[in-house]
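This report describes one protein chain, section by section. The sequence and the model come first.

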Amino acid sequence: MKLLAILFSLTLATTAFAIPTAPFDALTTKVSSSNTAGFDFEGIVKLSNCSGSLIRFSGQPDSAKGVVMTNGHCLAGMFGGGMPKPGEVIVNKSVSRAMKIFDKEMNTFPINTTRILFAAMTDTDVAYYELSQTYAEILKKYNIRSFDLDTVRPMIGTDIDIVSGYWERGYACNIEIFIFKLKEGDWSFSDSIRYADGCETIGGTSGSPIIARGTRTVIAINNTANEKGQRCTVNNPCEISKTGDIVVMQDRKYGQQTYNVYSCLTPAFTIDLSIPGCVLPKAKN
């Protein structure tokens with residue numbers, strides 16, 4: 001699957017789904033920064049194939065290991081496979097992955113993950129990586145603060161910034177509407193966010209945080225768009241209403257909800273899908 005936020009080329013896998021291949025490895029290729037004025041890059045993360053952000057769950061202490069949020073489909077190529085399949089959920093899996101994090105002057109510094117707390121492409125499209133460094137260590141060594149991950153669903157009309165570490169640029173617009181279901185190939189996302197004009201996200205912006213403008217609060221995550229006006233195909237998600245009506249919106253861009261992680265968060269800030277009321281997707285056998 002090549003979700004818009006990557007605009008990656010498709011390579012068919014033997015498991016009958018596609019593996020996105022990045023146009024380049026952003027960790028080793030110099031990017032010419034553009035459209036950075038007015039955007040807050042402190043805590044924005046650059047992955048080899050995607051964007052991300054250093055987020056903190058509400059109440060998480062400085063002594064906790066840092067958490068990087070990106071898309072579930074940004075796992076493509078990890079574990080020798082592709083993106084999470086529909087119904088596949090990854091929880092508490094050890095993995096070392098190199099990333100870079102920006103300070104407020106847009107200097108980058110190395111960080112490394114130790115495990116995936118949670119990742120899926122069912123109902124949402126998100127991955128939470130735990131880092132080897134604590135928030136306190138990152139602040140002391142690099143003078144970089146985390147973003148706060150909001151605990152509530154965002155509102156229509158909210159002014160937003162989408163900041164990409166991969167491309168080192170930002171976009172500004174507002175939340176236009178929520179979509180009951182967004183279907184893209186075999187994947188489907190619930191309560192998706194459609195942007196108004198202005199957030200013309202391009203390849204590589206997968207996993208960029210959606211930030212409430214003027215704050216350091218992340219309210220959702222960028223992930224896809226309809227590229228060619230096709231109906232419900234890979235790279236061309238369609239909107240499905242509660243009554244089953246299907247609408248195709250070419251060139252429209254979308255994000256996914258992130259507040260729902262709090263329904264599954266333990267007092268120790270781990271993710272437990274067995275918690276009563278947890279709404280994150282569970283693995284389907």
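## An aromatic pair

Y142 has a relative accessible area of 9% and is therefore buried; buried means under 20% relative accessible area, exposed over 50%, and partly exposed in between, with a 1.4 Å probe and protein chains only. The model is a predicted one, in which local features need pLDDT of at least 70, side-chain atom pairs count only at pLDDT 80 or more, and totals for chains, interfaces and linings use all residues. Residues are numbered from 1 along each chain as its sequence is written, and side-chain values use heavy atoms, with hydrogens and water left out.

Rings of Phe, Tyr and Trp (its six-membered ring) pair if their centres lie within 6.5 Å; planes under 30 degrees apart count as stacked, over 60 as edge-to-face and the rest as tilted. By this rule there are seven aromatic pairs. In one of them, the ring centres of F109 and Y142 are 4.6 Å apart and the planes are at 20 degrees, so the pair is stacked. Because F109 belongs to strand β8 and Y142 to helix α1 (residues 135-142), the pair ties together parts that are 33 residues apart in sequence. Helices (H or I, at least four residues) and strands (E, at least two) are DSSP runs, numbered from the N terminus. F109 has a relative accessible area of 23% and is partly exposed.

## Other ring arrangements

F24, Y166 and W167 form one aromatic cluster.

Two arginines are placed over ring faces: R153 lies over the face of F178, 3.9 Å from the ring centre, and R216 lies over the face of F147 at 4.1 Å from the ring centre. A charge sits over a ring if NZ of Lys or CZ of Arg is within 6 Å of the ring centre and within 35 degrees of the ring normal.

## Disulfides

A disulfide is a covalent bond between the sulfur atoms of two cysteines. The criterion applied here is a pair of cysteine sulfur atoms within 2.5 Å, and the structure holds four disulfides. With bonded cysteines counted along the chain, the pattern is 1-2, 3-4, 5-6, 7-8.

C50 is joined to C74, with an S to S distance of 2.1 Å. The torsion about this S-S bond is about -95 degrees, so the disulfide of C50 and C74 is left-handed. The pair links distant parts of the chain, 24 residues apart: C50 is in the loop between β3 (44-46) and β4 (51-56), and C74 is in the loop between β5 (65-70) and β6 (89-94). C50 is buried at 0% relative accessibility, and C74 is buried with a relative accessible area of 0%.

A disulfide joins C232 to C238, S to S 1.9 Å; at 100 degrees about the S-S bond, the link of C232 and C238 is right-handed. C232 counts as buried at 14% relative accessibility, and C238 is buried with a relative accessible area of 0%. A disulfide also joins C264 to C278, S to S 1.9 Å. The torsion about the S-S bond of C264 and C278 is about 90 degrees, so the disulfide is right-handed. C264 and C278, 14 residues apart, are both in the segment after β18 (253-257). C264 and C278 are buried.

## Nonpolar cores

In soluble globular proteins, nonpolar side chains tend to be buried together. A nonpolar core is a set of buried Ala, Val, Leu, Ile, Met, Phe, Trp, Tyr and Cys residues joined through side-chain atoms within 4.5 Å. The largest nonpolar core has 51 residues, of which I55, F57, F118, Y128, L149 and I271 touch the most other members. β8 gives the most to this core, with six residues.

Contact means heavy atoms within 4.5 Å. Leaving aside neighbours within four places in sequence, L149 is in contact with I55, R56, F57, M69, Y128, V218, T258, V261 and Y262. A second, separate core of 13 residues includes Y171, C173, Y195 and A212.

## Two loop residues

T122 lies in the loop between β8 (108-120) and β9 (126-134), and is buried at 9% relative accessibility. A polar atom of the T122 side chain lies 2.7 Å from the backbone nitrogen of G87. Beyond four places in sequence, the contacts of T122 are K85, P86, G87, E88, S188, P281 and K284.

P61 lies in the loop between β4 and β5 and counts as partly exposed at 36% relative accessibility. Not counting residues up to four places away in sequence, P61 touches R56, Y135 and F269. The C-alpha atoms of P61 and Y135 are separated by 8.0 Å, with the two residues 74 residues apart along the chain.

Notes. Polar contact = N/O pair within 3.5 Å; in protein donor to acceptor, adjacent residues only side chain to side chain.
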